[in-house]
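Student: I have a new structure to read. Please walk me through it.

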Amino acid sequence: MVLALFVCLNVGTQARAADVSSAALRNRISVSLAADKREMALTLARQQDATLQRELASRLSGERLAVDLKQWLSTVPIQASVTAAAERADLNIRRSKGLAGEVDSLLQVRLASASMLEALRQGVEPLYAYEPDGDDATWQFIEAFDRLGGVHHLDVHRMPEQPVLVVDIDARKDLAAGIKLMRERLVALGQRPVPTLDARAAAAATQGASAAATSTPVTILDRIYLNDDQEPWISGAAEIYAVVNGVDPSRDAPALDIVDMPYLDYSGTTYSPNQVLIFWDRYRWAAANVILMEHDDNTNYQDLVAYLFTVASQILTAVGQPGISSLVALGSGLVQQMPSNWFTNDDDYVDSFYTLEKNHTYTNYSGAGGNAIVSLRPYVIAEQ
């Protein structure tokens with residue numbers, strides 16, 4: 001799936017010591033959430049009755065298939081021990097992901113498919129399930145529970161006919177908080193903040209009417225398509241983000257930008273976002289790489305961004321005096337240094353685009369891994 005240039009780095013004693021640090025970060029990126037999800041799925045399954053089921057079904061629709069777990073439990077008559085278990089599990093998960101101070105809840109209950117909604121409303125007893133940890137290629141079944149606590153083994157790839165309520169985290173809230181945290185952490189590591197067009201326009205306005213017009217060269221993402229990855233039904237919609245990377249124009253250091261792509265929910269669908277993907281003022285040699293990633297429940301975002309920045313810095317240090325070749329080393333090196341399990345699970349690494357150039361148009365351009373196809377165009381945003 002991944003076509004990456006092999007980069008041979010001659011690393012000295014100091015770099016090897018830095019490798020130990022990056023290895024420690026790498027080991028902390030992936031955290032386990034399945035135990036907390038499983039506990040809540042089993043607890044909720046044992047608590048369900050016709051009244052609780054009707055109440056939950058009334059909150060769902062074809063456009064809204066999930067409810068915040070803690071908020072929902074606070075509005076229904078249920079044992080205090082259940083509420084306490086939800087509070088405990090939610091806090092454990094937020095702490096594991098490094099988001100305890102960023103959001104006040106992450107756990108939700110999600111109906112696996114809109115096709116199950118009518119049966120749920122008609123009183124068909126649902127099962128409660130959770131997404132396992134690990135590579136989905138190795139999953140033998142999806143574990144689910146009925147109201148007696150009985151265990152059911154569901155097919156990994158075939159959508160069940162019986163309604164299934166999935167105890168999961170709110171992927172959109174999780175990723176939005178994670179991206180915010182990663183951007184803040186990059187600034188703390190010495191990078192300039194990601195530019196915002198509103199902020200630039202406001203700064204220009206404060207200079208008065210006589211201020212000269214300025215411009216911001218960017219690359220616009222016009223279209224993007226992801227090939228069908230045949231993900232298990234329990235995983236729900238995808239949440240994609242991009243790690244734009246290159247070399248800082250003012251110093252011999254990496255420049256990393258995290259770009260949210262909240263519209264990109266499903267593979268096999270073409271999206272036309274008209275989104276700014278690359279701010280060229282941030283990258284030397286008018287060239288940059290783009291790595292597409294998919295939200296993963298089990299990612300600790302603080303450790304992820306620290307790891308990416310550490311590895312990027314090590315690559316540039318090993319290359320020596322940066323030249324355009326260091327951009328190639330940076331893009332492929334970052335991919336090579338990602339945890340190996342990311343390449344066996346489409347929930348993590350999606351695809352890469354190496355050495356994208358500032359003033360080039362790319363039409364139906366395929367990524368190195370052949371999983372993503374994009375159309376990009378150069379653009380200049382004029383500001384006064």
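Student: Is the crossing of α9 and α10 left-handed or right-handed?

Tutor: First, the ground rules. This is a predicted model, where local features need pLDDT of at least 70 and side-chain atom pairs count only at pLDDT 80 or more, while totals for chains, interfaces and linings use all residues. Residues are numbered from 1 along each chain as its sequence is written, and side-chain values use heavy atoms, with hydrogens and water left out.

Tutor: Now the idea. A crossing is right-handed if the near helix is turned clockwise from the far one by less than a right angle, left-handed if anticlockwise. The crossing of α9 and α10 is right-handed.

Student: Which residues of α9 and α10 make the contact?

Tutor: Contact means heavy atoms within 4.5 Å. From α9 come Leu308, Val311, Ala312, Ile315, Leu316 and Val319. From α10 come Ser326, Ala329, Leu330, Gly333 and Leu334. These residues divide into 9 nonpolar, 2 polar and no charged. Here Ala, Val, Leu, Ile, Met, Phe, Trp, Tyr, Cys and Pro count as nonpolar, Asp, Glu, Lys and Arg as charged, and the others, Gly among them, as polar.

Student: How many bridges join β4 to β5?

Tutor: Two strands pair if DSSP finds at least two bridges between them. β4 and β5 (residues 151-154) run antiparallel, joined by 4 bridges. Ala144 stands opposite His152 in β5.

How values were computed. Helix = DSSP H or I, 4+ residues; strand = E, 2+ residues; numbered from the N terminus.
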